[in-house]
Amino acid sequence: MPDRGEVLSGLFGAYRLAWFDPSGMAHFNLTVEGFWRSFFAAVLVAPAYAILVGMQLAAETEEFNLALVFLVEAIAYVLAWAAFPLVAVVLTRLLGLDRNYVALIVAVNWTAVLQTGAFLAVVLLALILPQGLGTLVVTLTTLAILVYQWFVIRTSLQTTGGVALMLLLVDLVITTMINAGADRML
């Protein structure tokens with residue numbers, strides 16, 4: 001588990017990257033130990049994820065088994081945090097970018113905290129806005145998050161925009177498949 005200083009440094013690096021400042025990478029612990037400790041970001045993201053899942057459930061009219069929902073969503077959450085790093089280890093090796101694999105995963109993990117926090121804030125804001133405007137704000141924020149994620153991938157791997165886009169799409173497909181599987185189980 002990272003200490004407070006490493007968490008704050010990781011979050012500051014994520015913040016700098018959100019401003020499209022590549023120097024944000026200098027704030028991450030890019031060692032093997034930093035790689036493993038960056039998964040602590042999943043702990044920081046979990047409450048926001050739980051709120052988003054709860055909001056989705058509250059909007060549904062069907063009854064649901066809370067224990068089953070908790071189990072399925074917990075498994076999907078862990079899978080989502082593990083799947084991209086596992087696929088990325090293979091893809092970065094095939095692309096000759098494996099020297100930057102640790103930087104990629106560390107950056108992706110810490111930036112997930114900001115991305116999820118921003119998304120939750122906008123979803124909550126959308127609740128008080130007129131429906132059309134709320135939908136527009138959520139859509140624009142989603143697009144901004146995708147651009148941010150693309151920049152993080154491109155910067156951390158020190159690669160081209162096209163390669164970064166391909167990895168972003170792979171991440172989206174993996175996440176979509178995991179979420180679809182979880183939804184089918186519920």
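Predicted model: local features only at pLDDT ≥ 70, side-chain atom pairs only at ≥ 80, totals over all residues.

User: What makes R16 and D21 a salt bridge?

Analyst: The side chains of R16 and D21 meet with N and O 3.0 Å apart. The cut-off is within 4 Å, so the pair qualifies as a salt bridge. R16 has a relative accessible area of 23%, which lies between the 20% and 50% limits, so R16 is called partly exposed.

User: How many salt bridges are there in the whole structure?

Analyst: A search of the whole structure gives two. Besides R16 with D21, E6 forms a salt bridge with R37. In that pair the closest N and O atoms are 2.9 Å apart, and the rule asks for within 4 Å, so the label holds. E6 belongs to helix α1 (residues 4-18) and R37 to helix α2 (residues 32-37), so the pair ties together parts that are 31 residues apart in sequence.

User: Which accessibility labels do E6 and R37 get, and why?

Analyst: E6 has a relative accessible area of 13%, under the 20% limit, so E6 is buried. R37 comes to 26%, which falls between 20% and 50%, so R37 is partly exposed.

User: Let's turn to the rings. How many aromatic pairs are counted?

Analyst: The count comes to nine aromatic pairs. One of them is F20 with F151, with 5.0 Å centre to centre and 80° between the planes.

User: What makes the pair F35 and W36 edge-to-face?

Analyst: Their ring centres are 4.8 Å apart and their planes stand at 85°. That is within 6.5 Å and over 60 degrees, so the rings pair and the pair is edge-to-face. F35 is buried at 8% relative accessibility, whereas W36 is exposed at 58%; the limits are under 20% and over 50%. F35 and W36 also form one aromatic cluster with F39 and Y101.

User: Which residues touch the most other members in the largest nonpolar core?

Analyst: This core has 35 residues, and L17, F28, W81, L104, I105, W110 and I153 touch the most other members. At least two residues come from each of α1, α3 (41-59), α4 (66-94), α5 (101-128), α6 and α7 (161-185). The largest share, 10 residues, comes from α5. Another core lies apart from it and has seven residues, among them L52, V123, A126 and V138.

User: What does L17 touch?

Analyst: Not counting residues up to four places away in sequence, L17 touches P22, G24, M25, F28, T111, Y148, F151, V152 and T155.

User: How do you know that N109 and T141 are buried?

Analyst: N109, in helix α5, has a relative accessible area of 3%. T141, in helix α6, has 15%. Both values are under 20%, so both residues are buried. Leaving aside neighbours within four places in sequence, N109 is in contact with S38, F39, A41 and W81, and T141 with A118 and V122.

User: Finally, what lines the largest pocket?

Analyst: The lining has 33 residues, and the closest to the centre are Y49, Q115, T116, T175 and N179. About 1,100 Å³ of space lies in this pocket. The elements giving two or more lining residues are α3, α4, α5, α6 and α7, and α7 gives the most, with eight.

Notes:
Residues numbered from 1 in each chain as written. Heavy atoms only, no water. Helix = DSSP H or I, 4+ residues; strand = E, 2+ residues; numbered from the N terminus. Buried < 20%, exposed > 50% of the residue type's maximum accessible area, 1.4 Å probe, protein only. Phe/Tyr/Trp six-rings, centres within 6.5 Å; stacked < 30°, edge-to-face > 60°. Core = buried A, V, L, I, M, F, W, Y, C linked by side-chain atoms within 4.5 Å. Contact = heavy atoms within 4.5 Å. 1 Å grid on protein atoms, 1.4 Å probe; cavity = no way out; pocket = protein on both sides within 12 Å on 5 of 7 lines; lining within 4 Å. Points joined across faces, edges and corners; volume = space filled by probe spheres on them.
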